Structure formats: C-alpha cells, structure tokens
Amino acid sequence: MTPKDKTKKKSHKIGRGSQLLCCTALLSCFMSISAAAQTTVHILDVGQGLSVLVESQGHTMLYDGGDSDRSSYTVSYLQQHAVSSLDYVVASHYDADHLNGIVGALNVFPAQTVWGPDYTADTRIYQSFQSILAAKALTCTQPAVGSQYQLGDAQIQILAPSGSDYNKPNDYSIALRIQDGNTSFLLTGDAEQESEAEMLSSGLPLASTVYVAGHHGSSTSSSREFVEAVRPEYAVISCGAGNPYGNPHKETLETLQAVDASIFRTDELGAIVASTDGTAITWTWEKEPPVLSEAHDTAAASSDVSLSTVYWTPKGKSYHSTRNCATLKRSKTILEGSLSDALSANKKDPCDVCVK
Ligand SMILES: [Zn+2]
Ligand SMILES: [Zn+2]
C-alpha cells in the first residue's frame, strides 16, 4: 500500500465532505482558528527544515524556525496568526535548518523562555543565536527530561535529550510531547535512533495522536520500536520538495504505514494545521493535496488516474499527457514522471490541450 493510499483511506474515515470543506474553506479561513479549538499546532512550510507553532488559549510556543531562506516566511506566518509574543521558543538543536528562523523570530517577537540543548556549534548561525540572546537579555536553558510545563490548555512534557555526549548533533534534539485532553503531539526535532532508544527506556509516555516524524522522515530516525511505542494516528513530515537527501525515506514511510498512520507532508500540502478541542483533531492545509481519493468527483480528474507517465517543464504549472503537446513545442527541458511526481513538483494543472 502506498502512502497515498493510506492517506486516502484515512481521509474517507474523517469524511469526504469535511475534507473538501477543509480544503475549500482553507482559502478563506486559513488565517482564523476555529473557536472550538483549544490547541492548534501549525507545521509551517519551511521546505527542508522544521518549524512548528503551538497555540493554546493565547499562549504560544515556537519549536524551530526553518532555514535562512524561510526565516522571513516564519516571521510573517506568525504575524499573520496574530502572534505578538512567544511564551516558549525552542531551538531543538543548532542545525541551520532549525535555528535560522528562531533567530529571525527572536529579533521580532518578545520571548519569555528560550530552550536549547546543552552543546555549542561552531557555526555563524549559532553565533547569531548567541548574539540575539545577549541583545534581548535572554538565557537559553535545557529543560530536564520528564519536566512538565503548561501552555494554555496544553501540557508539555520534555522527553529528550537525556544524554550529554552524543556523536551526532541531531541526537541533542529537545523532544517534547504536547497533550490537550485525549489528543497529543510528539515533536522530536532531528533526534536519531540513539536518542529514540533513550526515550523508549525512559518510561515516559510516548504514545501520541500525532507524530511529527523525526529528522524530516529520514531513516536515521523513526525506528520501528520507537514508532510502535508512539503508535501515531497521524504522522506529519516536514521536508522540501525534491530535497537532496531523498527525504522522506521509503523505510520511514513503510514504518509509519505499518502502524496505520495517515501521512501528511509539507512538501505536498504546504503548511499543515492541526486543531484540537481535546477530543478530536481537525486538519487543514494550504495546498490542494496530491491525493487522488477525491479525484473521482469530476470526470476530468478521474481520467487523470489512468495517466501512468506525465510530462512537465521546470517553470510551467501544468502537467501534460504527451511530450508532443503543442504547448510544449518551445520548451527546451521536458521532465517526465508519474502523476504524483508531477503534483509533488507543484505541477497541478492538467494541460487544457492534451489532458482530456
Ligand atoms: Zn533538520
Ligand atoms: Zn539536524
């Protein structure tokens, strides 16, 4: 079963009507949070990186901020969501694809508490992080494993890192679990299998409704034992379209599918927002999902399903059923692949000329 099939199955479970409503309402309602929701977790679209905004009853936590190319996006996303200050700012670890946007956010928003793991990095972005902390008279501390904090209606428990001498910076990632009522979210940054094994032996609760897959869906994280302990109903993967690491890795997708998790990916859906009232989670996302489960609604879309190979250009927005399409005559570079490849590459419009 492919990840697409899995999403399809689960989307039927939450109901076709509600999902379509989510998608269409998203355009107008993406900026406003439903009044019933008590805690909202936004997985921002920072490409190859990670940035998660958690809001609960007016309280906010920013967990990572994405890389330098998305730093201003992260700031403007927060501003658009009426964030004026941050209760918690968490640098999961000091790799650039997590830390850049944190520095950007600290420049703009007053912050109360800053968390980061207890190691140093010999990088420019780490220096910038230290400079902004000094400029704002903030100190960065590593919260103790097992400690708990309140964020509005949500409880946050620290799960990692429990060690202090890792070979890989990723294993220093601060992992935490957010719980509101019967729903929960697990963020592990880029924690790899060494830290996952420590979390497993800690005896702390790992089971979570939503798992933001570690290390962008890389196979260095999300070990089978760990994912089986988390038993997520939903997995969110933050990764860039066509990223050079091949994230998410096939092994990770298989591990997540084996526990029957529905998979949402920022490279396919853009920013993904999960709102919970403590009982159920409502999902919204930015982009039209490249999932064919709803495609049968229109004749045009259902014929798309039969296209095994489609063609597109690096700059165009359409996909084509033949490389001989008249509209491609002047294109020097024509790429080909499956329809889902085309949709992932943001080629979402069926060509008016050749796709019937
Ligand atoms: Zn990363
Ligand atoms: Zn990393």
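Outside the four places on either side of it in sequence, Val236 touches Ile43, Val210, Val212, Ala213, Phe264 and Ile272 (contact: C-beta atoms, placed from the backbone, within 7 Å). This is a predicted model, in which local features need pLDDT of at least 70, side-chain atom pairs count only at pLDDT 80 or more, and totals for chains, interfaces and linings use all residues. Residues are numbered from 1 along each chain as its sequence is written, while chains are lettered from A and ligands numbered from 1 in the order in which they are written.

Val236 is among the residues with the most contacts inside the largest nonpolar core, which has 68 residues. Such a core is a set of buried Ala, Val, Leu, Ile, Met, Phe, Trp, Tyr and Cys residues joined through C-beta atoms within 7 Å. Another core, of 10 residues, lies apart and includes Val310 and Tyr319. Of the 356 residues of the protein, 45% count as buried (20 or more other C-beta atoms within 10 Å of a residue's own; exposed means 12 or fewer, and partly exposed in between).

The protein has 11 helices and 19 strands (DSSP runs numbered from the N terminus: helices H or I, at least four residues; strands E, at least two).

| Cis bond | Omega |
|---|---|
| Ala160 and Pro161 | about 5° |
| Asn247 and Pro248 | about -5° |

Pro161 lies in the loop between strand E8 (154-160) and strand E9 (175-180). Pro248 lies between strand E12 (234-237) and helix H8 (250-258), in a loop.

Asp64 has a positive phi, near 70°, and counts as buried because it has 33 C-beta neighbours inside 10 Å.

Definitions and conventions. Contact = placed C-beta atoms within 7 Å.
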